Amino acid sequence: MADVMPVLEDRAAQLGIDLSQVDFDSIRLPPGEDFGIISDDEDLKEVDHLEFDQGFDNIIVVDNLPVVPSEKFDKLVGVIRKIYSQIGTIKEDELWMPVDASGKTLGYCFIEYNTPQEAELAKEKTHGYKLDRSHIFAVNMFDDIDKFMKVPDEWAPPETKPYTPGENLEQWLTDEKARDQFVIRAGSDTEVLWNDARHLKPEPVYKRSFWTESFVQWSPLGTYLATVHRQGAAVWGGASSFNRLMRFAHPQVKHIDFSPGERFLVTYSSHEPSNPRDTHRVVLNIFDVRTGKVMRDFKGSADEFSVGGAGGVTGVSWPVFRWGGGKDDKYFARIGKNVISVYETETFTLIDKKSLKVENVMDFNWSPTDPILALFVPELGGGNQPARVSLVQIPSKEELRQKNLFSVSDCKMYWQSNGDYLAVKVDRYTKTKKSTYTGFELFRIKERDIPIEVLELENKNDKILAFAWEPKGHRFAIIHGDSPRPDVSFYTMRSGTNTGRVVKLTTLKGKQANALYWSPAGRFIILAGLKVFNGQLEFYNVDELETMATAEHFMATDIEWDPTGRYVATAVTSVHEMENGFNIWSFNGKLLYRILKDHFFQFLWRPRPPSFLSPEKEEEIAKNLKKYSKKYEAEDQDVSMLLSEQDREKRRMLKDEWDRWVHEWKRLHEEEKMERQKLRDGEASDEEEEYEAKEVEVEELLDVTEEVVSFEYEQE
């Protein structure tokens, strides 16, 4: 009531009512009407609906325990507690082992952990644990008991559902204008749009608020758009709009990763342990994308998943699993301590039921197209055992090639997109061990015996800032140097005489660049100066070795080529508070349009699946491009004419609006003619030239003053 009184007093003052003269007790409201004023006693009538947590997801049931008399009860409980307390923290007095009337145990027990994650891990680690020859543990979650009890005694065939054809998830590839799609996130909105570069603007496809709780991600072939939520992940797609196709339950999911062929989805979460001294608990699920079924899960401490890689959440390298075997999704692998565990997706088990043992292995990478592993092992024994890079064939685990490396400080491996070449960047110590220099070991994977070439820069002390292979090509680019404006060098793996030697094409001196972005189709590259260079862009033609254009997108944070290599997007995300949004450029550096968006988070082009055309057919099209391009040139001309017509129509509308405005003011001018005559003492003319200019002198006496002045006349 106290909150309402100021409002009543203001309203009474407006109406001229003296509230001190009003008897509030005599006021009676109609039955059921409170006029928005809730009584202080209303909350007494409300019943609190308390929600009780009825889940038992932190309790496990351990079966197949020894049946012992009461005198051995304490010893058995001690053994079980010792086994299960190593996995997680057991709640106080929450290991309960039932007994019969004589005190003999019944062969099972219940254990309650602090967290569900610890209970899941205990089940994972000890199901099938062999206590002795006669007692092998059978461990289940307590919540699963109810599910097992509901299993019918007699089998009944499942209900057969009639087949209903699904939507064409690749409908977007049939766009008549051959446009590409992209997704953006700004504020709470997520939008999918066409890049309509001909009309110099994006065309909306689908928009949704609060579509995701953290980020969105396209699948590698562009079939699905994945969203991330507290309860798990979801994938969306469709012919005309985006419908939810499947959900993947994984509470508190942080990361997701598709397999290259889109058959599987890996989800990752990390959970704080109940004991602060322990590391985070990690949960990884591998789902079948179409059915949503969990094909395999992995659980453990963060330490088990933190070997190798660049690190990530809680020190875990992401992605934990790296996919191999090309688009067939046949293999995936992860690195461990002194091992690389390679799994095959037919059974989701280790190949040959054992991991590949590699002492002190530091890193590995799959070939993008073939089941070949490249792995790096650093020096051991203070340099007595050299570092090495090895190529291993899967599933045979045969070593195809090995290269020993000496005085190695660091090593990075870069595969070319077709798997034709492998570049190994090797940082080596000088003889004094006080500094390092960099060289490259270049593997020709598809040639006989996999020959290796060594490439050293002219200035061996140059720092390597960036390296990038030309997609589907034979060239690569390097940014190198220690000055504020480093150099950019281009090399080819094919010489003019095709002798199989690496050859330098050119070096561009003093460039404002620290990142390289090749077109997906090769040939063109953007030399980008991000961060300290504030978004400098140079569009370079490597075929002609010439700069096509230079530009700037101030404070740009992201650069992405569309999958066809026709357009480039540069974006300023919410890392910066100002100028958020994105620009779309042509491949040769012409700015097509610019879109500003507050709180801009993401820009992602929709990937395209590989072309069905053979390399020979693509080469034939490239040779006869003029013949094929006539149709599209005519379409471009039609669009240009349409834009010109639209521009003319816009100018005509502006002229018509101006004419209407002038006409209206002339009408008002005519209506006020009599008033102007009156102000001009009856003069009727409004034309300035009809007036005669006259000069009139007016004398006005302002003041008169009389003053007596004494005057003395001196006579000579």
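Cys 411 is buried, with a relative accessibility of 6%, where buried stands for under 20% relative accessible area, exposed for over 50% and partly exposed for values in between, computed with a 1.4 Å probe on protein chains only. Cys 109 is likewise buried, at a relative accessible area of 0%. A disulfide is a covalent bond between the sulfur atoms of two cysteines; with the rule that a pair of cysteine sulfur atoms must lie within 2.5 Å, the count comes to zero disulfides.

The model is predicted, so that local features need pLDDT of at least 70 and side-chain atom pairs count only at pLDDT 80 or more, whereas totals for chains, interfaces and linings use all residues. Residues are numbered from 1 along each chain as its sequence is written, and side-chain values use heavy atoms, with hydrogens and water left out.

**Overall make-up**

- The protein holds eight helices and 43 strands, these being DSSP runs numbered from the N terminus, with helices (H or I) of at least four residues and strands (E) of at least two.
- Of the 716 residues in the protein, 39% are buried.
- Among the contacts in the protein with a separation of 6 or more, 45% are made by residues 24 or more positions apart, a contact being heavy atoms within 4.5 Å.

**Strand pairing**

- Strand E27 (residues 408-415) pairs with strand E28 (residues 421-429) in the antiparallel sense over seven bridges, and pairing here requires that DSSP finds at least two bridges between two strands.
- Within this pair, Lys 412 has Lys 425 of E28 as its bridge partner.
- The hairpin of E27 and E28 has five residues between the strands, and Gly 419 takes a positive phi near 75° in this hairpin.
- An open sheet is formed by four strands in the order E10-E11-E12-E13, with antiparallel pairing; its edge strands are E10 (216-218) and E13 (243-249), each of which pairs on one side only.
- From one strand of this sheet to the next, the twist averages 25°, where axes are lines fitted to C-alpha atoms (for helices over the stretch in contact) and angles run from 0 to 180 degrees between N-to-C directions.
- Inside the sheet, strand E11 (residues 225-228) and strand E12 (residues 232-237) are joined in the antiparallel sense over four bridges, and Leu 225 stands opposite Trp 236 in E12.

**Salt bridges**

- Side chains of opposite charge can pair when their charged atoms come close.
- The whole structure contains 35 salt bridges, each defined as a side-chain nitrogen of Lys or Arg within 4 Å of a carboxyl oxygen of Asp or Glu.
- Glu 120 and Lys 299 form one of them, with the closest N and O atoms 3.8 Å apart; because Glu 120 lies in helix H4 (residues 116-126) and Lys 299 in strand E17 (residues 294-301), the pair ties together parts that are 179 residues apart in sequence.
- In that pair Glu 120 is partly exposed at 31% relative accessibility, whereas Lys 299 is buried at 13%.
- Asp 175 and Arg 179 form a salt bridge whose closest N and O atoms are 3.1 Å apart, and both residues are buried.
- A network of salt bridges links Asp 175, Arg 179, Asp 196 and Glu 203.
- Lys 623 and Glu 619 meet through their side chains in a salt bridge of 3.8 Å, N to O, and both lie in helix H6 (residues 615-623), four residues apart, or about one turn of the helix.
- Lys 623 is exposed at 66% relative accessibility, while Glu 619 is partly exposed at 49%.

- Asn 580, in the loop between strand E40 (567-572) and strand E41 (581-586), is buried with a relative accessible area of 6%.
- The side chain of Asn 580 reaches the backbone oxygen of Thr 573 at 3.3 Å; a polar contact is a pair of N or O atoms within 3.5 Å, for which, within protein, one atom must be able to donate a hydrogen and the other to accept it, and residues adjacent in sequence count only if both atoms are side-chain atoms.
- Leaving aside residues up to four places away in sequence, Asn 580 touches residues including Val 572, Ile 595, Asp 598 and Phe 600.
- Asp 329, in the loop between strand E18 (322-324) and strand E19 (331-336), is buried at 0% relative accessibility.
- The side chain of Asp 329 reaches the backbone nitrogen of Arg 263 at 3.3 Å, and the C-alpha atoms of Asp 329 and Glu 262, 67 residues apart along the chain, are separated by 8.1 Å.
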